[in-house]
Amino acid sequence: MASTLLLALVFVIDLIAFALAVAAEQRRSTATVGNDGKESYCVYDEDIATGLGVGSFLFLLLSQLLIMVASRCLCCGKAMRPSGSRAWAVVLFITCWVFFFIAEACLLAGSVRNAYHTKYKNLLNNPPSCETLRKGVFGAGAAFVFLTAIVSELYYVSYSKANDATVNYGKDTGVRMGNL
């Protein structure tokens, strides 16, 4: 049976990763155009969202590692018995990794892009373009963190159900040769 302690620990870690991703979306960097008389330049506020995004990235990575170590990444260890649980485990394993890579890409790209601040100064009378992170990148990361959390826990439960059952051959194991 699936370890309740592991499922609770992974749930808490995924919840922290989700909360950090949502907080990163709320705290994205913003920029204003400053002017010192003859030059215009970009003034950015505090860069808190980058740290929150990286934290979410690391917590999601920890969660995925815990699930994969506990299930031996589906490919190591003894073979699972053929059943519906095994089929679901394989499907959920693939889905879990796809959602994980999308979430990690959104969080990493959002963190890198949010940390980028233009140093452009405009000597002409046109204001500089103060580039900031597009709205919704960390939000998409948070959504995929949520989906990864659900699918990874379902994967672990299906894996445990397929792995725990023993094969029962009963008393008759096949064709008897004594009657021939």
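The legends below describe close-up views of a predicted model. Local features need pLDDT of at least 70 and side-chain atom pairs count only at pLDDT 80 or more, whereas totals for chains, interfaces and linings use all residues. Residues are numbered from 1 along each chain as its sequence is written, and side-chain values use heavy atoms, with hydrogens and water left out.

**Figure 1. Overall fold of the protein, with 4 helices and 2 strands.** From the N terminus, the order of elements is α-β-β-α-α-α; helices (H or I, at least four residues) and strands (E, at least two) are DSSP runs, numbered from the N terminus. Of the 180 residues, 35% are buried, where buried means under 20% relative accessible area, exposed over 50% and partly exposed in between (1.4 Å probe, protein chains only). The protein exposes about 10,900 Å², 65% of which is supplied by carbon and sulfur atoms; accessible areas come from the Shrake-Rupley method with a 1.4 Å probe, and for residues only the protein chains shown count as cover. Among contacts between residues at least 6 apart in sequence, 83% join residues at least 24 apart, a contact being heavy atoms within 4.5 Å.

**Figure 2. Segments annotated as "transmembrane region" in UniProt.** The unreviewed entry places this annotation on residues 48-75, 87-116 and 136-157. UniProt positions are given in the numbering used here, feature names are shortened, and annotations may be inferred rather than shown by experiment. In the model, residues 87-116 are 97% helix and 0% strand, with end C-alpha atoms 44 Å apart. Residues 136-157 are 95% helix and 0% strand, and their end C-alpha atoms are 32 Å apart.

**Figure 3. A nonpolar surface patch formed by Phe 11, Val 12, Leu 15 and Ile 16.** Together these residues have about 350 Å² of accessible area. Patches are made of residues with over 30% relative accessible area and no salt bridge; like charges are joined within 9 Å, and nonpolar side chains (Val, Leu, Ile, Met, Phe, Trp, Tyr) within 5 Å. Val 12 belongs to helix α1 (residues 4-26) and is partly exposed, at 44% relative accessible area.

**Figure 4. Aromatic pairs, of which the count is 8.** Rings of Phe, Tyr and Trp (its six-membered ring) pair if their centres lie within 6.5 Å; planes under 30 degrees apart count as stacked, over 60 as edge-to-face and the rest as tilted. The ring centres of Phe 18 and Phe 146 are 6.1 Å apart and their planes are at 55°, so this pair is tilted. Phe 18 lies in helix α1 and Phe 146 in helix α4 (residues 137-164), so the pair ties together parts 128 residues apart in sequence. Phe 18 is partly exposed at 29% relative accessible area, and Phe 146 is partly exposed at 44%. Phe 100 and Phe 101 also form a tilted pair, 5.7 Å centre to centre with 55° between the planes. Phe 100 is buried at 5% relative accessibility, whereas Phe 101 is exposed at 52%. One aromatic cluster consists of Phe 93, Trp 97, Phe 100, Phe 101, Tyr 155 and Tyr 159.

**Figure 5. The salt bridge between Glu 25 and Arg 28.** Side chains of opposite charge can pair when their charged atoms come close. Here the N to O distance is 3.5 Å; a salt bridge is a side-chain nitrogen of Lys or Arg within 4 Å of a carboxyl oxygen of Asp or Glu. The count by this rule is 1 salt bridge. Glu 25 is in helix α1 and is buried, with a relative accessible area of 12%. Leaving aside neighbours within four places in sequence, Glu 25 contacts Lys 135, Gly 136, Val 137, Phe 138 and Gly 139.
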